[in-house]
Amino acid sequence: MLATAQDIIVMRDASQIEARVDEVSDEQIKYRKFNNLEGPAYSVKRTEVFIIRYENGTREVITPLEKRNESSSVAASKDEKGANKATEDKYAYINEAQNRVKQDIHKKKFYFTIQPNFGYAVCYEGDADFSADGLYTGFDIIGELFPSKVSSSGVMFGLGYNYRRYSLSILRQHVNFNAMDINLGYTYRSDMQKFYMRGFLNINVPLSSQVPGYYFTNDQSIDMMEGTNTTVGFVFEAGVHFGGFNVGGRIGTAFVDQFEESAPALVVGINVGYTF
């Protein structure tokens, strides 16, 4: 089940209330607490509220901070030192409240994403007469954990599956390759900018692969070509998200390929997924 969208009420003392705003009138703000939407309705004086940040990203300034009445604190100090201290406190208060409003507030700290992907993969040996390239498809199950709702950076971990149909130059035939992905790394997600980015270590574990039949190369008979080499590499992804939908691209590399060669491998693809 998806989390219910929330509004953020920022008070003039820089505190915040996670809520669903029901009514904004000339005298007061009526709301229900986000963690108890079926519970009682609350209200707060309009003059005590600085700004409301609605769940769709829009903001409404209720009472500008510059109009705050500081007469009670300033009047208490008549000497110059006391007046300067009151001014410093005022601007510190304003800066703190504005910084809180600018923070990128997530709806929750943990995200769960199902992400199909497809693209092109290639392995090559350089000077040797060996290369393998072809299209791939697959999907990933990704978890993203953030330290807090106002943190854009976190850790990601996931499992995936991919199927590749390589064309082998030495056999002039195709090989069907199935593998499992294990991913662990860094994630960045901005709800304000609708942007996400991930960089992670990728461990690609072969499950099965073969070319059935007999082929002749260099006067030797080969009954199958297997990819059995587990690879370790790095993958970078970036894209945009709207609501729960994600669209982006990826590029990755591995230090060796799956065919027991010393060749590097390269993957370029597109991701389309949904985040819960």
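**View 1. Strand β15 and its two neighbours.** Strands β15 and β16 pair in the antiparallel sense over 10 bridges, and two strands are said to pair if DSSP finds at least two bridges between them. This is a predicted model, in which local features need pLDDT of at least 70 and side-chain atom pairs count only at pLDDT 80 or more, while totals for chains, interfaces and linings use all residues. Residues are numbered from 1 along each chain as its sequence is written, and side-chain values use heavy atoms, with hydrogens and water left out. Strands β14 and β15 also pair in the antiparallel sense, over 10 bridges, and Ala238 stands opposite Gly249 in β15. These two strands, β14 and β15, form a hairpin with 2 residues between them, and Gly243 in the turn has a positive phi of about 65°. The covered face of β15 carries Asn246, Gly248, Arg250, Gly252 and Ala254, whereas Phe245, Val247, Gly249, Ile251 and Thr253 lie on the uncovered one.

View 2. Arg198 belongs to strand β11, which covers residues 195–210. With a relative accessible area of 0%, Arg198 is buried; buried means under 20% relative accessible area, exposed means over 50%, and partly exposed lies in between, as found with a 1.4 Å probe on protein chains only. The Arg198 side chain makes a polar contact with the side chain of Gln115 at 3.1 Å and another with the side chain of Glu144 at 3.3 Å. A polar contact is a pair of N or O atoms within 3.5 Å; within protein, one must be able to donate a hydrogen and the other to accept it, and residues adjacent in sequence count only if both atoms are side-chain atoms. Not counting residues up to four places away in sequence, the residues that Arg198 touches include Thr113, Ile142, Met156, Tyr186 and Phe236, a contact being heavy atoms within 4.5 Å.

View 3. Tyr120 sits in strand β7, residues 110–124, and counts as partly exposed at 38% relative accessibility. Leaving aside neighbours within four places in sequence, Tyr120 is in contact with Asp133, Gly134, Leu135, Tyr136, Leu266, Val267 and Val268. The C-alpha atoms of Tyr120 and Arg165, 45 residues apart along the chain, are separated by 9.7 Å. Asn176 has its place in strand β10 and is partly exposed, with a relative accessible area of 30%. Between the C-alpha atoms of Asn176 and Tyr163, which are 13 residues apart along the chain, the separation is 7.4 Å.

**View 4. The largest cavity.** A search of the whole structure finds 2 cavities of 30 Å³ or more, and about 240 Å³ of space lies in the largest. On a 1 Å grid over the protein atoms alone, a cavity is a set of points where a 1.4 Å probe fits but cannot get out, and lining residues have an atom within 4 Å of a point. Among the 23 residues that line the largest cavity, Arg164, Asp181, Asn202, Val235 and Val267 are the closest to its centre. Elements that give two or more residues to this lining include β8, β11 and β15.

Notes. Helix = DSSP H or I, 4+ residues; strand = E, 2+ residues; numbered from the N terminus. 1 Å grid on protein atoms, 1.4 Å probe; cavity = no way out; pocket = protein on both sides within 12 Å on 5 of 7 lines; lining within 4 Å. Points joined across faces, edges and corners; volume = space filled by probe spheres on them.
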